[in-house]
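Dear colleague,

I am handing over the structure below, together with an account of what was found in it. Please read the account with the structure open beside you.

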Amino acid sequence: MNKKNTLLVWQVAFTYIGALVGAGFASGQELLKFFTVFGKKGVMGAVISGFLFGIFGFLVFRVVTREKIENYGQLLGFLFGKRIALFVEGLLSLFLLLCLAVMFVAGGSLFHQLWSFPFGWGFFLTALVVGSVLLWGQEGVLWLNTVLIPGLILLSLVIAVLSLCPRGLTVATIAQLNLVGENWLLATCLYVSYNFILGSVILASLGDLDKKGGEKGVLLGGLILGLMAGLISFALLKQFSYVKKQTIPLLVLAYGIHPSLGWAYSFMLWVAIFTTALSIGFGLLKRGEQLLPLPKVFIIALLFASTLPFLYWSFPQMITTIYPFIGYGGFVFLAVLLFKTLPAEII
């Protein structure tokens, strides 16, 4: 494999990871809620989730390149047929706009809670940076993820490994733990389901990339994500009594190790928010360019304006209201994906 293809593999891997590790993953809250609460079986579920992300991503990317798909609207048309796809796309577009709003709200909350900036500043600054990168197009999305995501991965793993060493932590109770069902396998499937909706959107927008390099990148991204999720979930399990009621458990672990590590990770939390918002925005922009005969900057402005009604929602409120709908709806998406692609792969 030449250097160009190797670079592409890593770019796709980091971009895929960037779409999946939003505020919930990077904060540790999703991993705590979906995996750690189930003990060792939950840790196994976290590793399995990475395998599933890799397989489902591989199937989507293969369809996207084979059918020359350029956006998620065309992907839905292939999976569901034109008539049903119109309805599904309407729901998905609404979900994506809500998820984009979630990321902007998360950015505002992070700026306010950690750095005492006004909430609105964090909301609009996050939106401004995302919009600026979207104007670069696909290259900007690939390169920003390639530059930022390795740092997030490395710092997350450092915190997880150091947290496995015995040490005292002083933690204040902030929020109640919200369990997701009573079965670790169901929780794993639900976690993969709602996150993969966002992952498939960015993959549907990368159809013009080299097929082999893209497929390897997606599989690599799933593998890395599964190993990250497993190790972090195990670290949270070892420190469960300290972090089980925390809103941002990984940040608690980081500050417990050293204040400077906590400060560094607070920035990486914003990186996770930013890269996920970037992936969602890129998917919406690609579809918007096909539907609207407007300059790119106006489409971006319209997309971001639709998030303004959620300016003063709380981050936990949006998570508990929006993500369950996406997760259960995602089961239908995954079932249709397997039905449409798996027979062809086996044959």
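Does Glu-89 count as buried, or as exposed? At 9% relative accessibility, Glu-89 counts as buried, where buried means under 20% relative accessible area, exposed means over 50%, and partly exposed is in between, with a 1.4 Å probe and protein chains only.

Before the rest, a word on the basis of these values. This is a predicted model, in which local features need pLDDT of at least 70 and side-chain atom pairs count only at pLDDT 80 or more, while totals for chains, interfaces and linings use all residues. Residues are numbered from 1 along each chain as its sequence is written, and side-chain values use heavy atoms, with hydrogens and water left out.

Salt bridges

A search of the whole structure finds 3 salt bridges, a salt bridge being a side-chain nitrogen of Lys or Arg within 4 Å of a carboxyl oxygen of Asp or Glu. Glu-89 takes part in one of them, with Arg-287 as its partner and 2.4 Å between the closest N and O atoms. Arg-287 lies in helix H13 and Glu-89 in helix H6 (residues 82-115), so this pair ties together parts that are 198 residues apart in sequence; helices here are DSSP runs (H or I, at least four residues), as strands are (E, at least two), numbered from the N terminus. Arg-287 is buried as well, with a relative accessible area of 12%.

Another salt bridge joins Glu-215 to Arg-62, with the closest N and O atoms 2.9 Å apart. Because Glu-215 lies in helix H10 (residues 211-238) and Arg-62 in helix H4, the pair ties together parts that are 153 residues apart in sequence. Glu-215 counts as buried, at 7% relative accessibility.

Arg-66 and Glu-67 also meet through their side chains in a salt bridge, at 3.3 Å from N to O. Arg-66 counts as partly exposed at 39% relative accessibility, and Glu-67 is partly exposed with a relative accessible area of 37%.

Lys-68 is found in the loop between helix H4 (40-66) and H5. The phi angle of Lys-68 is near 55°, a positive value in a residue other than glycine, and at 67% relative accessibility Lys-68 counts as exposed.

Cavities

The structure holds 2 cavities of 30 Å³ or more. A cavity is, on a 1 Å grid over the protein atoms alone, a set of points where a 1.4 Å probe fits but cannot get out, and its lining residues have an atom within 4 Å of a point. The second largest cavity has a volume of about 50 Å³, a volume being the space filled by probe spheres set on the points, which are joined across faces, edges and corners.

Which residues line the second largest cavity? They are Tyr-72, Leu-75, Leu-76, Leu-92, Ile-197, Ser-200, Val-201 and Phe-333. Helix H5 (72-80) and helix H9 (184-204) are the elements that give two or more residues to this lining. By class, the lining has 7 nonpolar residues, 1 polar residue and no charged residues, where Ala, Val, Leu, Ile, Met, Phe, Trp, Tyr, Cys and Pro count as nonpolar, Asp, Glu, Lys and Arg as charged, and the others, Gly among them, as polar.

Tyr-72, in helix H5, counts as buried at 3% relative accessibility. The C-alpha atoms of Tyr-72 and Ala-204 are separated by 5.3 Å, although the two residues are 132 residues apart along the chain.

The nonpolar patch

Helix H14 (residues 296-305) gives the largest share of the patch, 3 residues. Leu-294 lies in the loop between helix H13 (259-291) and H14, and is partly exposed, with a relative accessible area of 39%.

Kind regards

How values were computed
On a 1 Å grid over the protein atoms alone, a cavity is a set of points where a 1.4 Å probe fits but cannot get out, and a pocket is an open set with protein on both sides within 12 Å along at least five of seven lines; lining residues have an atom within 4 Å of a point.
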